[in-house]
Every structure is written in structure tokens, then in C-alpha cells.
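I opened the notebook today to look up a few things in this fold.

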Amino acid sequence: MPQPVPSWSEAALGPWHRWDALWYSSIAENGYQYAGEREATNVGFFPLYPLVNGVILRVTGLPVEVSGAIVSTLITFFACLVLYRLTIGETDDPSVARRAILYLIAFPASYYLAIGYSEALYLLCVLGAFYFARRGQWWWSGAVAFLAGLARLHGALLIVPL
């Protein structure tokens, strides 16, 4: 028999709060914990997203499922703004910039940008690094690329194109 849902946040976001989102949430709530070689552990996850989510979690007092979705959605909004500015700088065509955002949001796997995963933060950092690099602001570009490395393993590879 189905069990009753314990809270509104579990009812609304429970199906999306799975796999790595559970690990990121555990880091945001309780920090990194290592229980030995035979136990599953959260030490393999990069710290930037759980840090940001943990700050929002403590400031708002919302359930971790809700704060993770809010953080990722807001970060995706800012990533869209940076993508728009970067595309305008490259093409000088607002319609191309709007289509780039539409293609990003309409991509079938873009739901990862609105749930408790680090992809939105990583995307924002990558776009920000390229945005600052195209403007010749190399210190800012390097700092944001460093943050991308704190969000995902692939962020370390930004040094190659930059």
C-alpha cells in the first residue's frame, strides 16, 4: 500500500529529489561525513553547490528539497542572463541570443537545471568564465573558472580553452 506523504515539499519535489540530489542535500545539511570503506559516503562530491545550498537552507529555513530547487532555478536564471550577454557579444543579434536561451531551456535534460544538482551552478561558472575572458578580464575569468572547478570535476579543464 502507498504510504502517506509526510510533507508538502516531499509531495511536490520528492520525485525529483533522488540520486545525487540526496548526496548534495546531506552535505548541505550535515557536511561531509566518512563512515569507513564499506559504507556509502558523500566525500566524492564537489563542495560549491552544497555550500551555496546550505547557506540558503539555513537562511530561509526551508526544507532541503525546496532550497535545492530554488537555488538551482535561480542560478539557471542567472546562467540564462550570462548566456544572453555572451551571445549578444558574439553575434550582436538579440534573436540569436533569445534562441540560445530557448534551446538551453527546451533541451530534454534541462530539468537538471531546476532540481538539486550542481549542473546549473557549473553552467553559470563556465559561461561566466567565458564571458569575462571575451571581455579581457582575465582575473575574473580565472576566479570564476576556479569556482567551476569547485562545482564539477570538468571545471579544471577550463584552463585549456581559456
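Predicted model: local features only at pLDDT ≥ 70, side-chain atom pairs only at ≥ 80, totals over all residues.

**Entry 1: the nonpolar core**

I started with the inside. The largest nonpolar core holds 19 residues. I looked up which of them have the most contacts inside this core, and they are Leu 121, Cys 125, Ala 148 and Leu 158. Next I asked which helices supply at least two residues each. The answer is α2 (20-30), α3 (48-60), α4 (64-91), α6 (119-134) and α7 (138-151). Helix α6 gives the largest share, with six residues. I also noted a second, separate core of eight residues, with Cys 80, Val 82, Ile 101 and Tyr 131 among them. As a reminder to myself, nonpolar side chains in soluble globular proteins tend to be buried together.

I then picked Leu 158 and listed its partners beyond four places in sequence. Leu 158 is in contact with Val 126, Ala 129, Phe 130, Ala 145 and Ala 148.

**Entry 2: helix α7**

I checked burial next. Ser 141, Val 144, Ala 145, Ala 148 and Ala 151 are the buried residues I noted in α7. They cover an arc of only 105° around the axis, so they lie on the same side of the helix. Trp 139 and Phe 146 are on the other side of α7, and both are exposed. I wanted to know what the buried residues of α7 pack against, and found α3 and α6.

**Entry 3: salt bridges**

How many salt bridges are there? I found two.

One joins the side chains of Arg 134 and Glu 90, at 2.5 Å from N to O. This pair links distant parts of the chain, with Arg 134 in helix α6 and Glu 90 in helix α4, 44 residues apart. Arg 134 counts as exposed because its relative accessibility is 59%. Glu 90, at 45%, counts as partly exposed.

Glu 119 and Arg 152 also meet through their side chains, at 3.4 Å from N to O. Here too distant parts of the chain are linked: Glu 119 is in helix α6, Arg 152 is in the segment after α7, and they are 33 residues apart. With 25% relative accessibility, Glu 119 counts as partly exposed.

**Entry 4: Asn 42**

I moved to the loop between α2 and α3, where Asn 42 sits. Is Asn 42 buried or exposed? Its relative accessibility is 3%, so Asn 42 counts as buried. I followed the side chain of Asn 42 and saw that it reaches the backbone nitrogen of Gln 33 at 2.9 Å. Not counting residues up to four places away in sequence, Asn 42 touches Trp 23, Ser 26, Ile 27, Gly 31, Tyr 32 and Gln 33.

Thr 87 is in helix α4. At 12% relative accessibility, under the 20% cut-off, Thr 87 counts as buried. Its side chain reaches the backbone oxygen of Leu 83 at 2.7 Å. Beyond four places in sequence, I listed Asp 92, Val 96, Ala 97 and Ala 100 as contacts of Thr 87.

That list sent me to Asp 92, which lies in the loop between α4 and α5 (94-106). Asp 92 has a positive phi of about 60°, although it is not a glycine. Its relative accessible area is 66%, so Asp 92 is exposed.

**Entry 5: Phe 130**

Phe 130 counts as partly exposed, with a relative accessibility of 27%. Phe 130 and Leu 83 are 47 residues apart in sequence, and their C-alpha atoms are 9.7 Å apart in space. Leaving aside neighbours within four places in sequence, Phe 130 is in contact with Leu 86, Leu 158, Pro 161 and Leu 162. I had already met Leu 158 in my first entry, as one of the residues with the most contacts inside the largest nonpolar core.

Note on methods:
Residues numbered from 1 in each chain as written. Heavy atoms only, no water. Core = buried A, V, L, I, M, F, W, Y, C linked by side-chain atoms within 4.5 Å. Buried < 20%, exposed > 50% of the residue type's maximum accessible area, 1.4 Å probe, protein only. Helix = DSSP H or I, 4+ residues; strand = E, 2+ residues; numbered from the N terminus. Contact = heavy atoms within 4.5 Å. Arc of directions from axis to C-beta. Salt bridge = Lys/Arg side-chain N within 4 Å of Asp/Glu carboxyl O. Polar contact = N/O pair within 3.5 Å; in protein donor to acceptor, adjacent residues only side chain to side chain.
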